[in-house]
Amino acid sequence: MSGAMSWPFLRLYMLALLYFSANALLNVIIPLQGAAWGASSTTIGLVMGAYMLTTMFFRPWAGHLIQKHGPVKVLRLVLLVNGTALILYTCTGLGGYLMARILQGICTAFFSMALQIGIIDALPEKERSQGISFYSLFTYIPGVIGPVLALGLWQTGGMDSFTLILVAIAVCTGLFGYSVKMDKEKAPTEQATSRPGVFHSFGQIVKNRFLFRCSVLMLSASIVFGAVTTFMPLYGEQLNSGSAGIYLMLQVAVVVASRFVLRKRIPSDGRWHSWFIMGTMLLVTLASACISLSSELGSMLLYAGAILMGIAQALLYPTLTTYLSFVLPSSNRNVLIGLFIAMADLGVSLGGVAMGPIADYLSYSTMYMICAIVSMMMVIFAYERKGGLAASNSYHIREREGDV
C-alpha cells in the first residue's frame, strides 16, 4: 500500500462507496415517508438525528477497540449488522426506522473509524490529506445520483424497487468488505493496552487546544450540513421555484469534484492555516444565507448555495482531520480522532434534532438564516494570530512536557 491512489487504497474507497450508497437514498426517503405518515418536522429530525447521535456516542470506543483488535476483524462484524439494519427499513414503520437508524449509527462509527485509521496508519505523512480526502470523496459519490433516484422512486410509487435496492446494497457491501485487507494489522500488545483509556481521553476535548478548536469548528459546520440533509426535501416542497433533488445532487457533485480537483491544496504539514479555514467557514455562511433567501429570491440563489456548501464540505473535514493526525499524541491518537469525528456526528444530529423544532415554530428559511449566523461566528473563532506550530515540533514539545 504505497500511495493514496494505489489499488489497495482504491478497494477501501470503493467499499466506502458501497457502504454509504444506502444513505444517499435514505436521507431523502425517510423525511418524505415520515411526512406521509403524519410525522412532524421534530419527529423526523429525531429519527434522522438518531443515526449520527448514535455514531457520535460510539466513535471513541470504535477508535479504542480498533486500536486494540485491528480494523479488519471489527469491519467484518460491522458489515453483518449493517445488512440487518438495511433490511429493517424494508419491513417496518417509523419505529422500525428509528431502530434501524440506531443500528446504522453503531455500524458507521466502527466502519468509518476502521477505514480512516487504516488509511492514516498506512500512508506516508505527505499523502495523508489526499487519502482522507479520497475516502471522503467516495462516501459522497452516491449522493450525486441517490437523491434524484430516491425522489423518482417516491414520486412513481416504486417502493418495491427501493426494497430490492437496499437488499442488494446490503449483500454487495458484505461480500466486498469481507475480502478487504489492510496493512499494519497488528495483534494487541502490552504497550497498546497501557495507553490512556476512553474515559480518560474525553477530557482532552477541552484540555487539548488543538482538538478543542477543530471540534468546535466541525460541530458548528456539521449542524448546518445536518440541517440541509434532513430538511431540504421538505423545504424544497415549499419553494416556488427550485428542486430539492437538484440541490442535493448539485451539492454532492460539487463535493466530489472539489475533493478530486482540490485534494493537493488541502494542507498536510501539521500547521494551522487560519485564512484557509476561515475562508472555508465563510463559504458555509454564504451558502446558508443563500438557501435561506432562496424562498424569496428564487432557485438561482438556492443552487448557488449548493455550490458554496459543496466546496466547504469538500475542504473542511479532510483539512481538520489531517491536521489532527499530525498534532495529536500517538499514545491515544485513534481515540482522540474518534472524539473529533464524534463532534462532527453530533453536529449532523443536532442539525436534525435541534433545528427541527425551530423549523416547526418559525420556518425553514429562518432556520437556515440562524445557521448562517452560527457559521459567521466560527469564521472569527478560526482565526489564529500567530499561526500554527509545525506538527513535529508541537508534538515533541508536548511529549517532553508530559501532555500526552
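**Notebook: helices, buried residues and cavities**

Entry 1: I took "buried" to mean under 20% relative accessible area, "exposed" over 50% and "partly exposed" in between, with a 1.4 Å probe and protein chains only. The model is predicted, so I noted that local features need pLDDT of at least 70 and side-chain atom pairs count only at pLDDT 80 or more, while totals for chains, interfaces and linings use all residues. I also noted that residues are numbered from 1 along each chain as its sequence is written, and that side-chain values use heavy atoms, with hydrogens and water left out.

Ala62 belongs to helix α2 (residues 41–69). Helices (H or I, at least four residues) and strands (E, at least two) are DSSP runs, numbered from the N terminus. Leaving aside neighbours within four places in sequence, I found Ala62 in contact with Ala109, Phe110 and Met113; contact means heavy atoms within 4.5 Å. The C-alpha atoms of Ala62 and Thr108 are separated by 9.6 Å, and these residues are 46 apart along the chain.

**Entry 2: the whole chain.** I counted the elements next: the protein chain has 18 helices and 0 strands. Of its 404 residues, 57% are buried. I then took the contacts between residues at least 6 apart in sequence, and 86% of them join residues at least 24 apart.

**Entry 3: helix α4.** How far apart are the end C-alpha atoms of helix α4 (residues 94–122)? They are 41 Å apart, which agrees with the 42 Å that its 29 residues should span at 1.5 Å a residue. The expected span is 1.5 Å times one less than the number of residues. I also checked burial: 21 of the 29 residues of α4 are buried, so the helix is largely enclosed by the rest of the structure.

**Entry 4: Ser375 and Ser288.** I examined two serines from two helices. Ser375 lies in helix α17 (residues 364–381), and Ser288 lies in helix α13 (residues 274–297). Ser375 is buried at 0% relative accessible area, and Ser288 is buried at 1%.

Where do their side chains reach? That of Ser375 reaches the backbone oxygen of Cys371 at 2.9 Å. For Ser288, a polar atom of the side chain lies 2.9 Å from the backbone oxygen of Val284. I read both against the rule for a polar contact: a pair of N or O atoms within 3.5 Å, where within protein one must be able to donate a hydrogen and the other to accept it, and residues adjacent in sequence count only if both atoms are side-chain atoms.

Leaving aside neighbours within four places in sequence, Ser375 is in contact with Val224, Met281, Val284, Thr285 and Ser288.

Entry 5: Is Leu17 buried or partly exposed? Leu17 is partly exposed, with a relative accessible area of 23%. I located Leu17 in helix α1 (residues 7–36). The C-alpha atoms of Leu17 and Phe138 are separated by 5.1 Å, although the two residues are 121 apart along the chain. Leaving aside neighbours within four places in sequence, Leu17 is in contact with Phe138, Ile141 and Pro142.

Gly352, in helix α15 (residues 333–353), counts as buried at 0% relative accessibility. Its C-alpha atom is separated by 7.7 Å from that of Ile44, 308 residues away along the chain. Not counting residues up to four places away in sequence, Gly352 touches Gly45, Thr230 and Phe231.

**Entry 6: cavities.** I used a 1 Å grid over the protein atoms alone, on which a cavity is a set of points where a 1.4 Å probe fits but cannot get out, and lining residues have an atom within 4 Å of a point. Grid points are joined across faces, edges and corners, and a volume is the space filled by probe spheres set on the points. By this rule I recorded 2 cavities of 30 Å³ or more.

The largest cavity holds about 900 Å³ of space. It is lined by 40 residues, and Asn27, Met52, Tyr140, Thr229 and Gln313 lie nearest its centre. Helix α11 (residues 209–238) gives the largest share of this lining, 7 residues.

The second largest cavity has a volume of about 70 Å³. Among the residues that line it are Pro267, Trp272, His273 and Tyr323. Helix α14 (residues 299–327) gives the most to this lining, with 4 residues.

Terms used: On a 1 Å grid over the protein atoms alone, a cavity is a set of points where a 1.4 Å probe fits but cannot get out, and a pocket is an open set with protein on both sides within 12 Å along at least five of seven lines; lining residues have an atom within 4 Å of a point.
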